[in-house]
Amino acid sequence: MALVTGSARGLGWEMARALAEAGAHVLLNGRSAERLEPRIKELHAAGLKAGMAVFDMADRAGMEREVGALLAAGRIDVLINNVGERDRRALNALSTTDFERLIDVDLNAAFALAKLVLPGMIERRYGRIIMVTSIAAELAVPGSASYIAAKGGLGALVRALAAETAVHGITCNAIAPGFFHTEANDRMFSSPAGERWQARVPMRRFAQPREIAGAALFLASDAASYVNGHTLTVDGGVSATFLMP
Ligand SMILES: NC(=O)c1ccc[n+]([C@@H]2O[C@H](COP(=O)([O-])OP(=O)(O)OC[C@H]3O[C@@H](n4cnc5c(N)ncnc54)[C@H](OP(=O)(O)O)[C@@H]3O)[C@@H](O)[C@H]2O)c1
């Protein structure tokens, strides 16, 4: 089975759907069964294999309970840790408690989840762990300190896991998206600021959510058997360029 966190919508949904279309039994995750239900039905209606894993990345006990039950019933060979909350407040409005909370959901929870699936992967000598970071892990912008720190840490965690788990037949890689036109970004991308961001992209357009799928499929497949500790950037060339004229 392939567990994709945060897959009720956005990039998580697109990656989960692509894995299901490629034949995987996917486990969709989010905080609400009601929001996951239509997605599961859509996959089942297409004859694909899908199940539900309802837990909040911020609730470690709930995560352990739910993943424990799933592991008792089957095996998780692929984990895509996609949940990444964002706090766009400036430094003066961001308390240390706010900072710690976001690091907890975006970074600590990813480690906790990896720890839950790793024993089975080690036992079977096979596993694929993919963490969704961001180009913001390397390219900072004002007003997202906790998010940038969390994503930077997640990128470093990927390398640490890659170094330590490869001997057990497991690979760990990251996908770093650029500007994707997900629901979460809709308002910002449709604003004048959005137009400026779009002009910053060499392709002069934002990515469609579906355009993340190839990276996930590749890293989860045998085609990536020797790819380990890598961050696959999917940003239309943003991070390869300085300012566009
Ligand atoms: N979109 C972009 O342009 C972009 C750029 C760079 C990086 N990324 C990264 O890509 C990932 C996905 O981004 P996205 O734009 O697709 O996000 P999104 O549209 O906001 O999707 C969030 C998904 O995560 C679930 N979720 C949120 N918080 C959760 C939590 N604490 N526990 C469990 N599920 C949770 C939501 O479901 P419920 O609300 O039902 O729980 C939903 O399915 C994130 O890590 C983000 O940082 C995105």
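**Close-up views of a predicted model**

View 1. Y147 reaches an oxygen atom of the ligand through its side chain, with an N or O atom at 2.6 Å.

**View 2. Residues around the ligand.** The ligand is surrounded by 30 residues. R31, R35, N82, Y147 and F180 are the closest of these.

**View 3. The largest pocket.** Its volume is about 1,300 Å³. The lining counts 49 residues, and G84, R86, Y147, A184 and N185 are the closest to the pocket centre. By class, 23 lining residues are nonpolar, 16 are polar and 10 are charged.

**View 4. Helices and a strand in the pocket lining.** At least two lining residues of the largest pocket come from each of α1 (10-21), β2, α5 (145-165), α6 (186-189) and α7 (192-200). Helix α1 gives the largest share, 3 residues.

**View 5. N29 in strand β2.** Strand β2 spans residues 26-30 and includes N29. N29 has a relative accessible area of 1%, under the 20% cut-off, so it is buried. A polar atom of the N29 side chain lies 2.9 Å from the backbone nitrogen of G6. Beyond its neighbours within four places in sequence, N29 is in contact with L3, V4, T5, G6, S7 and A8, and also with L36, A53, V54, F55 and V83.

Methods. Residues numbered from 1 in each chain as written. Predicted model: local features only at pLDDT ≥ 70, side-chain atom pairs only at ≥ 80, totals over all residues. Heavy atoms only, no water. Helix = DSSP H or I, 4+ residues; strand = E, 2+ residues; numbered from the N terminus. Buried < 20%, exposed > 50% of the residue type's maximum accessible area, 1.4 Å probe, protein only. Polar contact = N/O pair within 3.5 Å; in protein donor to acceptor, adjacent residues only side chain to side chain. Contact = heavy atoms within 4.5 Å. 1 Å grid on protein atoms, 1.4 Å probe; cavity = no way out; pocket = protein on both sides within 12 Å on 5 of 7 lines; lining within 4 Å. Points joined across faces, edges and corners; volume = space filled by probe spheres on them. Nonpolar A, V, L, I, M, F, W, Y, C, P; charged D, E, K, R; others polar. Near = heavy atom within 4 Å.
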